[in-house]
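Reader: Hi, can you walk me through this protein? Please keep it plain.

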Amino acid sequence: MRKLLFLSIILISCFANAQEEKAKTPKIAIKIEQGQSITLGDVKLKFLTVEEDSRCPKYTNCIWAGRAVVVLEVVEGTQKQEKKVYLGETRPNEPSTKTLYSKDNYFIEVVALNPYPEMDKEKGTYTLLICEGK
């Protein structure tokens, strides 16, 4: 009887602790097709091009995971600049951050580049997933 009571107390305490964990708020991504522009707040983004896409195709084995390099135009007010974002492997002296814009606790970052390569399948039109947050 004591063992059963002891096991019950342990199980109840484990479940009680598990309920205290808060779920993360999911990120909502905005899709931009290559050549398209969007405006988020005071920032205008234009998806210019995919400079490199050497990502390992799905369902294959590769020597390295590969990467994609995308180029975007970021315009805030009168300031205009091109930014490269490296998705996947980076080389020395290349930034690993996916943040396009950051100011006063507000940020815009790249989430993913689609479509992901597949063997024996044409790539189609690239789309970039962007999210913003605080």
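**A chat about the fold**

Author: Let's start with one cysteine: Cys62 is partly exposed, with a relative accessible area of 40%. Buried means under 20% relative accessible area, exposed over 50%, and partly exposed in between (1.4 Å probe, protein chains only).

Reader: Where do these values come from?

Author: This is a predicted model, where local features need pLDDT of at least 70, side-chain atom pairs count only at pLDDT 80 or more, and totals for chains, interfaces and linings use all residues. Residues are numbered from 1 along each chain as its sequence is written, and side-chain values use heavy atoms, with hydrogens and water left out.

Reader: Ok. Which cysteine forms a disulfide with Cys62?

Author: Cys56 does, and their sulfur atoms are 2.0 Å apart. A disulfide here is a pair of cysteine sulfur atoms within 2.5 Å. The link of Cys56 and Cys62 is right-handed, with 85° about the S-S bond.

Reader: Is Cys56 buried or exposed?

Author: Cys56 counts as buried because its relative accessibility is 12%. Cys131 also counts as buried, at 1%.

Reader: How many disulfides does the count come to?

Author: One disulfide, by this rule.

Reader: New topic. How many helices and strands are there in the protein?

Author: One helix and eight strands. From the N terminus on, the elements run α-β-β-β-β-β-β-β-β. Helices (H or I, at least four residues) and strands (E, at least two) are DSSP runs, numbered from the N terminus.

Reader: In what order do E2, E3, E4 and E5 form a sheet?

Author: The order is E2-E3-E4-E5, in an open sheet with antiparallel pairing. Two strands pair if DSSP finds at least two bridges between them. Strand E2 (37–40) and strand E5 (79–88) are the edge strands, and each pairs on one side only. The twist averages 30° from one strand to the next. Axes for such angles are lines fitted to C-alpha atoms, for helices over the stretch in contact, and the angles run from 0 to 180 degrees between N-to-C directions.

Reader: What holds paired strands to each other?

Author: Strands of a sheet pair through backbone hydrogen bonds, either parallel or antiparallel.

Reader: How many bridges join E2 to E3?

Author: Four bridges, and the two strands run antiparallel. E2 and E3 form a hairpin with two residues between them. Gly41 sits in that turn and has a positive phi of about 65°.

Reader: And which residue is the bridge partner of Ser37 in E3?

Author: Lys46. Follow Lys46 to E4, and its bridge partner there is Glu73. Lys44 stands opposite Val75 in E4. Strand E3 (residues 43–53) and strand E4 (residues 67–76) pair in the antiparallel sense over nine bridges.

Reader: What about E1, E8, E7 and E6? What is their order?

Author: They form an open sheet of four strands, in the order E1-E8-E7-E6, with antiparallel pairing. Strand E1 (30–33) and E6 each have a single partner strand, so one side of each is left without a neighbour in the sheet. The twist here averages 25° from one strand to the next.

Reader: Which residue in E7 does Lys103 pair with?

Author: Tyr106 is the bridge partner of Lys103. Four bridges join E6 to E7, which run antiparallel.

Reader: Now the inside. Which residues touch the most other members of the largest nonpolar core?

Author: Leu45, Leu100, Ile108, Leu113 and Ile130, out of 22 residues in that core. A nonpolar core is a set of buried Ala, Val, Leu, Ile, Met, Phe, Trp, Tyr and Cys residues joined through side-chain atoms within 4.5 Å. The elements that give two or more residues to this core are E2, E3, E4, E5, strand E6 (99–103), strand E7 (106–114) and strand E8 (127–133).

Reader: What does Leu100 touch?

Author: Not counting residues up to four places away in sequence, its contacts include Leu45, Leu72, Val74, Ile108 and Ile130. Contact means heavy atoms within 4.5 Å.

Reader: Last one. Where is Met119 found?

Author: In the loop between E7 and E8. Leaving aside neighbours within four places in sequence, Met119 is in contact with Pro57, Lys58 and Thr60. Met119 and Lys58 are 61 residues apart along the chain, and their C-alpha atoms are separated by 7.0 Å.
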